[in-house]
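Here's a quick briefing on the model shown below.

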Amino acid sequence: QQTVVTQTPARPTPPAQLVVGSTVIANGNFYYTSCGDEPHGVASGRRCKVGRIVDESRRAPVLITTEQGGLLGWIAKGALQGVE
């Protein structure tokens, strides 16, 4: 029997939409938790990746990582700018 493999094309993502895996420029405080309780550091024009997005009602719903995948912290959506 022969096995047939088909490849599904990737879904296009609108350029202005923030999604996991997006490369962004972060400007502002990032926190230990998504609740934004205690500042962990400050990103000033730092290029990073979106690692996770949680409930929008939280103060800092976006987890940012280094471009290599190292954890940085949680940040507000308004502190991020998309990179094309």
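Strand β1 (residues 23–31) runs antiparallel to strand β2 (residues 39–53), and nine bridges join them. β1 also pairs with strand β5 (residues 80–82), again antiparallel, over three bridges. Strands here are DSSP runs (E, at least two residues; helices would be H or I, at least four), numbered from the N terminus, and two of them pair if DSSP finds at least two bridges between them.

This is a predicted model, with local features needing pLDDT of at least 70 and side-chain atom pairs counting only at pLDDT 80 or more, while totals for chains, interfaces and linings use all residues. Numbering starts from 1 along each chain as its sequence is written, and side-chain values use heavy atoms, with hydrogens and water left out.

**Strand pairing**
- For the pairing with β5, take Ala26, which has Leu80 as its bridge partner.

**Nonpolar cores**
- A nonpolar core is a set of buried Ala, Val, Leu, Ile, Met, Phe, Trp, Tyr and Cys residues joined through side-chain atoms within 4.5 Å.
- Buried means under 20% relative accessible area, exposed means over 50%, and partly exposed is in between (1.4 Å probe, protein chains only).
- The largest core has twelve residues, among them Val24, Ala26, Phe30, Ala43, Cys48, Ile64, Leu72 and Leu80.
- β1, β2, β3 (62–65) and β4 (71–75) each put at least two residues into this core.
- There's also a second, separate core of five residues, including Tyr31, Ala60, Leu63 and Trp74.
- Phe30 is in contact (heavy atoms within 4.5 Å) with residues including Pro39, Val42, Ala43, Ile64, Leu72, Trp74 and Ile75, if you skip its neighbours within four places in sequence.

**Cysteines**
- You'll find zero disulfides in the structure, going by a cut-off of 2.5 Å between cysteine sulfur atoms.
- Cys48 is buried, at 0% relative accessible area.
- Cys35 counts as partly exposed, because its relative accessibility is 41%.

**The segment before β1**
- Ser22 sits in the segment before β1 and is buried, with a relative accessible area of 14%.
- The Ser22 side chain reaches the backbone oxygen of Val19 at 2.8 Å.
- Not counting residues up to four places away in sequence, Val20 touches Val50, Gly51, Arg52 and Ile53.
- From Val20 to Asp37 you cover 17 residues in sequence and 23 Å in space, C-alpha to C-alpha.

**Salt bridges**
- The count comes to two, where a salt bridge is a side-chain nitrogen of Lys or Arg within 4 Å of a carboxyl oxygen of Asp or Glu.
- One is between the side chains of Glu67 and Arg47, at 2.9 Å from N to O.
- That pair links distant parts of the chain, with Glu67 in the loop between β3 and β4 and Arg47 in strand β2, 20 residues apart.
- Glu67 is partly exposed at 40% relative accessibility, and Arg47 is partly exposed at 41%.
- Glu56 forms a salt bridge with Lys77, with 3.0 Å between the closest N and O atoms.
- Glu56 is in the loop between β2 and β3 and Lys77 is in the loop between β4 and β5, so this pair ties together parts 21 residues apart in sequence.
- Lys77 is partly exposed, with a relative accessible area of 35%.

Terms used:
A polar contact is a pair of N or O atoms within 3.5 Å; within protein, one must be able to donate a hydrogen and the other to accept it, and residues adjacent in sequence count only if both atoms are side-chain atoms.
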